[in-house]
Amino acid sequence: MTVSERLQKRISAAFYRHGLLCASYPVPIILFTAVSILACCYPLLKLPLPGTGPVEFTTGVRDYTTPPSEPQGDPGDLPDWYCSPPVAYIQQVLVKAAVVPWDSRLVPVDAFRSPLAQVFTLLEEIRNHVHRDSSGVRSLESLCLQVTDLLPGLRRMQTVLPEHGCLLVSPGNYWQNQRERFDSDPDILRTVHQHEPKGLHTSATLRDLLFGVPGKHTGVSLHNRKHVVTYTITLALRSYDARFLGSLRSRLKQLHPSVNCSLREDHMVHVHFKEEIGIAELIPLVTTYIILFAYIYFSTRKIDMVKSKWGLALAAVVTVLSSLLMSVGLCTLFGLTPTLNGG
């Protein structure tokens with residue numbers, strides 16, 4: 001008997017044993033399969049539905065004007081949603097800090113305690129900055145977006161999120177923007193991680209919001225060998241004032257000069273969050289699976305060996321749908337972005 005024949009025989013025997021096992025214990029096999037499908041689809045629970053993610057549009061900062069509520073002239077390449085004043089303007093102050101030179105006698109927590117302490121100095125400088133010109137005096141208090149209350153779902157985070165006043169977030173929110181609380185905190189990592197959700201993280205967390213960058217890029221970890229900490233101070237403004245922001249940018253650069261700053265200052269990114277998807281938008285997808293179900297049913301109707309044609313068609317549709325959801329769920333779990341164009 002040749003090698004290929006032996007291999008073919010072993011494969012046939014393996015399939016036979018698998019079929020015999022499924023036929024002997026149908027209920028446990030079905031339950032195990034259902035649990036496996038649900039486990040692989042778990043990361044999809046917090047993902048937005050397809051087509052509801054935010055879209056971006058970039059314009060130049062120079063000579064920027066608020067888009068009018070009514071379209072004027074030829075819109076050109078402008079998206080249809082770019083037709084009214086935005087809800088808020090977001091300005092971030094990016095901070096990269098490190099302990100230099102690094103002494104071998106220092107403990108790992110020293111790599112981010114001192115860089116994080118700088119956030120309180122920056123917050124004070126930003127809050128106290130005032131720009132004066134011929135048109136008047138402007139400060140952050142007069143331009144920022146004011147918040148009056150937290151949403152019901154965020155009440156449990158009222159100790160770290162701003163509840164009244166300017167909408168300004170930073171890592172300092174963990175300590176209510178008080179340097180004394182930060183200095184007396186014996187375990188900074190525990191304070192940062194105490195509000196993190198348990199289990200898998202399939203969406204942005206409070207840490208991502210306050211630090212302004214993905215958690216793995218903050219450098220706030222005991223395994224940070226580069227000793228570089230990255231975070232942002234995020235300001236929400238109700239109106240855009242180029243003179244005030246330019247003055248603030250110049251002031252911060254003067255106080256904290258950087259020779260390798262490569263951030264672009266000539267572009268503004270507009271982000272549009274779409275409305276929740278409706279039932280009507282799911283009709284094409286549902287219709288496709290109904291057609292698939294009918295095709296399989298009518299294709300197997302003349303096969304006498306199949307006892308339930310409806311069951312076979314339903315199983316095929318469930319297999320296709322579950323395999324799609326499982327693949328997307330596993331891609332999400334490992335940080336991959338599935339696309340429909342093979343990219």
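In the chain, 65% of the contacts with a separation of 6 or more come from residues 24 or more positions apart. The model described here is a predicted one. Its secondary structure comes to ten helices and nine strands, and 28% of the 343 residues are buried.

Now for the inside. The largest nonpolar core has 45 residues, and the ones with the most contacts inside it are Leu116, Ile126, Leu140, Phe211, Ile233, Leu235 and Leu237. Among the elements that give it two or more residues are strand 2 (89–98), helix 3 (110–128), helix 7 (206–211), strand 8 (228–237) and helix 8 (242–255). Helix 3 brings the largest share, eight residues. Take Ile126: with its neighbours within four places in sequence left aside, Ile126 is in contact with Val93, Leu140, Leu168, Ile233, Leu235, Leu248 and Leu252. Another core, of six residues, lies apart from the largest one and includes Tyr289, Phe293, Ile296 and Val317.

Helix 9 (residues 283–299) is worth a look of its own. Its 17 residues reach 24 Å from first C-alpha to last, close to the 24 Å expected at 1.5 Å a residue. Buried in this helix are Tyr289, Phe293, Ile296 and Tyr297. Seen down the axis of helix 9, the buried residues fall within an arc of 105°, so they line one face of the helix. An α-helix has 3.6 residues a turn, so residues three or four places apart point the same way. The cover over the buried residues of helix 9 includes helix 10 (309–333), while on the other side of helix 9, Pro284, Ile291, Tyr295 and Phe298 are exposed.

Terms used:
Residues are numbered from 1 along each chain as its sequence is written. This is a predicted model: local features need pLDDT of at least 70, side-chain atom pairs count only at pLDDT 80 or more; totals for chains, interfaces and linings use all residues. Side-chain values use heavy atoms; hydrogens and water are left out. Helices (H or I, at least four residues) and strands (E, at least two) are DSSP runs, numbered from the N terminus. Buried means under 20% relative accessible area, exposed over 50%, partly exposed in between (1.4 Å probe, protein chains only). Contact means heavy atoms within 4.5 Å. A nonpolar core is a set of buried Ala, Val, Leu, Ile, Met, Phe, Trp, Tyr and Cys residues joined through side-chain atoms within 4.5 Å. The expected span of a helix is 1.5 Å times one less than its number of residues. The arc is that of the directions from the helix axis to the C-beta atoms.
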